[in-house]
Every structure is written in C-alpha cells, then in structure tokens.
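Subject: Structure handover

Hello,

Here is the structure for your work. My notes on it follow below.

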Amino acid sequence: MKTVAGTMAFITGGASGIGLGMARALAAQGARIAVCDVRADHLAQAAQVAADEGWADRFRALQLDVRDRDAFAAALDDAEAALGPLQILINNAGIGIQGPVDEATYADWDWAIGVNLMGVVNGLVSGLPRIKGHGLGGHVVNTASQGAIMQARATRGVYAPTKAAVISMTEHLKLELDAKGSSMGGSSMGGGAIGATVVCPGPVRTNIEETEQHRPAEFQVDTPFRHRDETAPPGALPPTAPGFWLDPLTVGEMTVDAILTGKLYVITHPAFIDSVKARHAGIEAAMAEDYLPR
Ligand code: NAI
C-alpha cells in the first residue's frame with residue numbers, strides 16, 4: 001500500500017494493548033478505524049483515546065467475540081456502513097493462556113484455538129472476500145507471537161502452537177495473494193493487490209496478563225492451568241534489560257511500516273535471535289543425520 005490515509009482498518013482486539021497501538025498508528029496517518037473487542041471496558045477506553053487524540057469522528061467501536069462467525073460478519077457490515085469499504089483487516093485479538101501442556105484440558109485447547117487461531121480464520125473468511133471484491137487493494141495483518149519461532153518455553157505449549165499456525169497461515173496467504181496480485185498487474189494499493197503481514201511480538205506492555213480473568217464460563221476448568229512461569233524466554237534478555245518491554249504504539253508503528261512496504265514479517269525483538277538460531281540449529285542437525293536404512 002502506498003498510503004493508509006482514507007482507508008478503513010478493522011482491528012480485532014483493537015481496544016487494548018497492541019491492537020490499540022495499531023489503531024493509534026494508523027489513525028495518525030489518516031486511516032478510519034473500526035475496533036472490535038469482547039470487553040466493553042476496553043472499548044470505552046479506546047473511544048476515550050480516539051477522542052483525546054482527535055480521531056473520534058473516524059472511529060467505530062464494536063463489541064464482538066471473534067469466535068462468533070455471524071457476529072463477525074455483522075460487525076464488518078456495521079464498520080463498512082459507517083466508515084467505508086474494508087481495506088486493512090487486522091486479526092489481532094488473542095488470549096495469553098499459560099500452563100503446562102501435559103495438563104491442558106479440552107476446555108483450555110478449545111478456548112485457545114477458538115480465539116487465537118479460529119478468530120483469525122473467521123476474520124479471513126469473512127473479511128478477505130470484501131477486500132478482493134472492491135478491487136481497491138488492501139492488506140491483511142495477523143498477530144502471532146515471536147515465541148512461536150523461538151525455542152520451546154515452559155507453560156507456552158498451548159499458546160505457542162496457536163501462534164505458529166497463524167505464522168504459517170500468513171506465509172501461505174502472502175504467497176498466494178502475491179501470485180494473484182502479480183497476475184492482475186497490481187503491486188500496490190489502488191492496483192487491486194492485497195498484502196499480508198504477520199506480526200510476531202516479543203514482550204509488549206499490555207493487558208494480556210488479565211487473560212484468565214475473562215475466561216468464558218463454558219471454558220472454566222478446575223485444573224490449575226494458570227500462570228506458573230514468569231522467567232524470560234530462552235535465549236532472550238532478562239526482563240529488566242533495557243528494550244525488553246516495548247510500548248504497544250511502537251509495535252503499531254512497525255505494523256504500519258510493514259503495510260506500506262509490503263513486509264511479510266514484523267519481528268519486534270531482534271535481540272532474541274539466538275533463541276531462533278538455536279531452535280533452527282536443532283532442526284538442521286536432525287536433517288544432517290543420515291536416516292537411510294543400512
Ligand atoms: P491485550 O489483552 O491488551 O489486548 C487483547 C485484546 O483482545 C483485549 O482487549 C481482549 O479483550 C481482546 N480479546 C480477547 N479475546 C477476544 C475475543 N474472543 N474476541 C474479541 N476480542 C478479544 O493483549 P495484547 O498483548 O495487546 O494482545 C494482542 C495480541 O498480541 C494477541 O494476539 C497476543 O497473543 C499477541 N501477543 C502479545 C504479546 C505481549 O507481550 N503483549 C507478545 C506476543 C503476542
């Protein structure tokens with residue numbers, strides 16, 4: 001996309017943390033912003049931010065659980081009626097579920113996959129045909145996690161797989177959209193092309209630690225599948241190191257840059273690269289072994 005000014009961006013989980021940072025960064029460049037969120041208190045806070053920063057006249061707040069397909073489509077209808085055709089779809093809503101994977105219940109898995117993976121799927125299936133249909137071009141952003149490309153970390157064995165799936169999905173999406181965009185001769189906003197970016201944040205100061213306070217009744221379990229590990233990821237800086245925590249607005253600005261420059265990956269914490277290399281070294285070492293029968 002050459003510019004985001006005047007386009008409509010729909011951001012799931014956009015009323016808090018990274019999603020709100022993306023909303024603010026896009027609004028600062030003239031986009032029209034629809035945020036949806038399951039939490040009414042977060043939506044009210046986002047409306048206040050839009051008012052304080054002077055973009056309330058191009059802002060829409062919608063209550064939505066991204067697991068609800070019919071409500072998702074209705075929210076997109078509402079946003080398009082209020083703010084114009086969807087061009088930037090940001091599937092960002094997520095839950096920071098933590099606990100030992102060997103103790104996880106179906107409820108834990110269903111909630112995690114329902115929000116972190118199927119919420120993204122629902123956005124894609126409901127939203128992408130709209131972007132393809134108007135031919136103005138656009139961009140899909142999916143929020144995953146840097147943890148999904150790093151070494152395994154205790155208590156992340158349910159969360160990280162949902163995010164790994166989002167990374168893989170976005171890589172395939174970009175491949176296919178690029179091929180179709182080239183065949184249409186479009187390479188930027190206005191040419192009908194559609195870009196795709198996966199945002200892989202490291203530690204960002206948000207409200208994600210409140211996840212368990214909002215576990216829906218249908219997924220309540222008696223097991224102690226809760227936060228048990230607050231140590232730094234393997235190969236990462238200690239949480240006290242400068243630059244460990246990012247501001248959500250910074251991640252929003254990185255995301256806008258990726259939309260404008262057509263980047264596939266936003267990886268917010270390059271300082272954690274040793275963990276990515278260590279993981280890949282294990283894979284490469286296994287591939288170097290000779291498995292042929294003797
Ligand atoms: P946050 O909790 O501040 O914001 C997430 C928002 O999503 C909340 O307002 C929440 O109410 C909403 N949400 C949760 N479930 C929802 C549902 N079913 N339907 C609609 N909205 C729902 O947390 P944060 O950190 O801003 O999270 C945004 C994304 O970033 C998530 O996908 C998270 O997994 C990811 N992420 C965050 C990291 C961090 O350090 N904060 C690191 C890596 C990834």
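**Asp-77 and the model**

Asp-77 has 44% relative accessibility and therefore counts as partly exposed (buried means under 20% relative accessible area, exposed over 50%, partly exposed in between, with a 1.4 Å probe and protein chains only). This is a predicted model, in which local features need pLDDT of at least 70 and side-chain atom pairs count only at pLDDT 80 or more, while totals for chains, interfaces and linings use all residues. Residues are numbered from 1 along each chain as its sequence is written, and side-chain values use heavy atoms, with hydrogens and water left out.

Asp-77 sits in helix H3, residues 69-83 (helices are DSSP runs of H or I with at least four residues, strands are runs of E with at least two, and both are numbered from the N terminus). From Asp-77 to Arg-130 the C-alpha distance is 9.9 Å, across 53 residues of sequence.

**Confidence**

The average pLDDT of the protein is 92, and 91% of the residues score at least 70 (pLDDT is the predictor's confidence in each residue, from 0 to 100). Over residues 185-190 pLDDT stays under 50, and the model has 15 contacts for this stretch beyond four places in sequence (contact means heavy atoms within 4.5 Å).

**The ligand**

Which residues come nearest to the ligand? Of the 28 residues around the ligand, they are Ser-16, Asp-37, His-42, Tyr-159 and Thr-206 (a residue is near a molecule or strand if one of its heavy atoms lies within 4 Å of it).

- Ser-16: a polar side-chain atom is 2.6 Å from an oxygen atom of the ligand.
- Gly-202: a polar backbone atom is 3.3 Å from an oxygen atom of the ligand.
- Thr-206: a polar side-chain atom is 2.6 Å from an oxygen atom of the ligand.

On its own the ligand has 820 Å² of accessible area, of which the protein covers 93% (areas come from the Shrake-Rupley method with a 1.4 Å probe; for residues, only the protein chains shown count as cover). The shell around the ligand consists of 13 nonpolar, 11 polar and four charged residues (Ala, Val, Leu, Ile, Met, Phe, Trp, Tyr, Cys and Pro count as nonpolar, Asp, Glu, Lys and Arg as charged, and the others, Gly among them, as polar). Helix H1 (17-28) and helix H5 (159-183) each give at least two residues to this shell.

**The loop between S5 and H5**

Ser-145 lies in the loop between strand S5 (138-143) and H5. With 10% relative accessibility, Ser-145 counts as buried. A polar atom of its side chain is 3.0 Å from the backbone nitrogen of Gly-147. Leaving out residues up to four places away in sequence, Ser-145 touches Tyr-159, Lys-163, Ile-167, Val-199, Cys-200 and Pro-201.

Thr-155 is in the loop between S5 and H5, and at 10% relative accessibility Thr-155 counts as buried. Phi of Thr-155 is near 75°, a positive value in a residue other than glycine.

Ala-25 belongs to helix H1. Is Ala-25 buried or exposed? Its relative accessible area is 7%, so Ala-25 is buried. Apart from neighbours within four places in sequence, Ala-25 is in contact with Leu-249, Gly-252, Glu-253 and Val-256. Ala-25 and Asp-257 are 232 residues apart in sequence, with 9.7 Å from C-alpha to C-alpha.

Asp-178 is in helix H5 and is partly exposed, with a relative accessible area of 33%. Between Asp-178 and Pro-129 the C-alpha distance is 16 Å, and the two are 49 residues apart in sequence.

Regards

How values were computed. A polar contact is a pair of N or O atoms within 3.5 Å; within protein, one must be able to donate a hydrogen and the other to accept it, and residues adjacent in sequence count only if both atoms are side-chain atoms.
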